[in-house]
Amino acid sequence: MNRPSGTLLHAAIIGAGPYGLSLAAHLRESGVPFRIFGHPMQSWATQMPVGMKLKSDGFASSLSSGSVPFTLEDFCRLTGRPYHATQLPVAVEDFVAYGQEFARRFVPNLEELNVASVDREGVAFRLTLESGETLLARHVILATGVSLFQYIPSELAHLPSDLVTHSTAHRTFDEFANRDVTVLGRGASSLNAAVLLHEAGARVTLLTRKSKIHVHQHTNSTERSLYQRLRHPMSPLGLSMRSWLASTTPGSFHALPAYLRRLITYKHLGPSGGSALQGRFENKFPQLLGWSIASAELIAPASTSTISLLNPADRRIKLTLTNPELETRELITSHLIAGTGFRIDLARYRFLSATLRALVARDANGAPNLGRHFQTSVKGLYMVGPVAAPSFGPLLRFAAGAEYASIRVTEHLLRDLARVRSTARSTFELRPAQPHLK
């Protein structure tokens with residue numbers, strides 16, 4: 001077994017998306033020793049459709065670099081890319097390029113390696129990298145986003161994985177031209193997939209159990225009266241007092257009772273499409289609103305008697321649907337894309353040892369119970385990003401929450417670093433003097 005290299009590291013960050021990079025920039029500026037592992041903006045670059053636009057406004061889509069700002073607006077101005085604080089949707093390609101440039105400027109020590117495993121070793125954590133190197137760290141911060149938490153409804157779990165895919169599995173949709181494709185869900189990922197499928201020539205059906213589809217609207221703040229601005233203040237989460245409070249006081253949200261936090265997190269900012277989708281899906285393809293999947297099965301065309309003899313390309317899925325009026329109908333499709341979002345499941349953190357995962361206290365929905373500084377019930381283990389939304393509110397679902405998380409975690413690690421150094425100095429000063437040898 002490899003021995004851990006070097007001395008005990010104060011902090012290790014796993015993940016190099018908006019939260020990991022922002023935290024690294026803050027730690028670097030504060031002088032906290034750390035290492036960070038991951039590929040910059042990986043899930044954004046590999047799991048988002050080409051041509052997608054962010055739901056967040058431009059002003060709410062910046063990473064946090066500490067005392068020297070480097071916003072998305074700064075990046076767009078320097079590179080000649082289009083930008084507007086509220087009126088121009090942000091292209092995912094621009095956001096990825098911005099994050100990668102942010103990493104080059106503020107996180108030059110980023111190590112583009114994956115962490116294979118993390119386990120406890122005494123008061124520290126042993127990390128094993130994919131390169132085989134091992135190291136010990138006093139603190140570990142998970143900033144891996146939601147890519148590990150892809151959710152596909154249980155009604156579809158038994159179907160072949162090549163016929164039922166999560167929306168994050170597709171960056172382009174040309175392969176579905178002239179095919180029947182059903183998209184499940186009504187959030188940004190579902191609507192983006194449905195629109196891009198339609199524009200790629202697929203025969204799309206959008207299926208959602210809710211009866212309404214919501215699309216985010218950009219609002220020009222200069223056209224709003226003083227009363228409107230006071231009544232519905234602008235925030236990274238949108239125009240409302242509730243969104244403003246969620247954006248500016250995540251610490252207060254954390255102080256609420258757990259059941260109330262769950263209720264607010266569930267109801268606030270439900271599934272909706274970004275403003276760039278306006279006019280691109282209305283009356284463009286069939287939309288089955290208010291229908292749920294009761295069952296799903298694999299079927300063969302009438303000309304083929306058994307599925308086992310069927311050419312894989314000719315397989316179909318038969319969905320039996322129901323609505324609140326207890327009506328039923330059938331829908332046959334050649335492929336189903338589940339834009340059903342993500343559900344926190346700490347078992348998906350397979351790089352954490354089973355023993356370590358079992359020690360993390362969770363709420364009724366399986367999300368980690370986090371302290372005021374994003375620390376789990378395991379001392380020294382932190383989680384930031386969307387996984388922290390049940391503890392700190394909807395702000396943590398978006399890049400805009402990276403600043404708050406970075407500040408709080410950095411404060412905690414700085415205080416612990418001061419204690420460690422103070423203890424080391426005291427130990428050195430109390431050490432008996434060695435006799436002088438002539």
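Visitor: Before we start, what should I know about the model?

Guide: This is a predicted model, in which local features need pLDDT of at least 70 and side-chain atom pairs count only at pLDDT 80 or more, while totals for chains, interfaces and linings use all residues. Residues are numbered from 1 along each chain as its sequence is written, and side-chain values use heavy atoms, with hydrogens and water left out.

Visitor: How do I read two packed helices, and at what angle do H3 and H4 pack?

Guide: Two packed helices are described by the angle between their axes and the distance between the axes. Helices (H or I, at least four residues) and strands (E, at least two) are DSSP runs, numbered from the N terminus. Axes are lines fitted to C-alpha atoms, for helices over the stretch in contact, and angles run from 0 to 180 degrees between N-to-C directions. Here helix H3 (residues 72-79) packs on H4 at about 95 degrees, the axes being 10 Å apart. That makes H3 roughly perpendicular to H4 (under 35 degrees counts as roughly parallel, over 145 as roughly antiparallel, 65 to 115 as roughly perpendicular and the rest as oblique).

Visitor: Which residues make the contact of H3 with H4?

Guide: Contact means heavy atoms within 4.5 Å. H3 contributes Leu72, Phe75 and Leu78, and H4 contributes Asp94, Ala97, Tyr98, Glu101 and Arg105. By class, the contact has five nonpolar, no polar and three charged residues. For the classes, Ala, Val, Leu, Ile, Met, Phe, Trp, Tyr, Cys and Pro count as nonpolar, Asp, Glu, Lys and Arg as charged, and the others, Gly among them, as polar.

Visitor: Is Glu101 buried or exposed?

Guide: Buried means under 20% relative accessible area, exposed over 50%, and partly exposed in between (1.4 Å probe, protein chains only). Glu101, in helix H4 (residues 92-106), has a relative accessible area of 18%, so Glu101 is buried. Not counting residues up to four places away in sequence, Glu101 touches Phe70 and Phe75.

Visitor: Which residues of H3 are buried?

Guide: Leu72, Asp74, Phe75 and Cys76 are buried in H3, and their cover includes H4. Just after H3, Gly80 takes a positive phi of about 75 degrees.

Visitor: How do I read a nonpolar core, and which residues touch the most other members of the largest one?

Guide: A nonpolar core is a set of buried Ala, Val, Leu, Ile, Met, Phe, Trp, Tyr and Cys residues joined through side-chain atoms within 4.5 Å. The largest has 75 residues, and Leu21 and Leu127 touch the most other members. H4 gives the most to this core, with eight residues. A second, separate core of 20 residues includes Ala193, Val195, Leu197 and Ile213.

Visitor: What does Phe253 touch?

Guide: Phe253 lies in helix H8 (residues 250-254) and is buried, with a relative accessible area of 8%. Leaving aside neighbours within four places in sequence, its contacts include Arg261, Ile264, Thr265, Phe392 and Pro394.

Visitor: Now the sheets. In what order do the strands of the five-stranded sheet come?

Guide: Two strands pair if DSSP finds at least two bridges between them. The open sheet of five strands runs S6-S15-S7-S8-S11, with parallel pairing. Strands S6 (164-166) and S11 (287-289) are at the edges, each with a single partner strand, so one side of each is left without a neighbour in the sheet. The twist averages 20 degrees from one strand to the next. Strand S7 (residues 180-184) and strand S15 (residues 335-338) pair in the parallel sense over four bridges, and Val181 has His335 in S15 as its bridge partner.

Visitor: How does the sheet of three strands pair?

Guide: In a regular strand the side chains alternate between the two faces of the sheet. This open sheet has the order S12-S13-S14, and the pairing is antiparallel. Its edges are S12 (292-299) and S14 (328-333), each with a single partner strand, so one side of each is left without a neighbour in the sheet. Seven bridges join S12 to S13, where Ile299 has Arg316 in S13 as its bridge partner. Strand S13 (residues 316-322) pairs with S14 over six bridges; Lys318 stands opposite Ile332 in S14, and Ile317 opposite Thr333.
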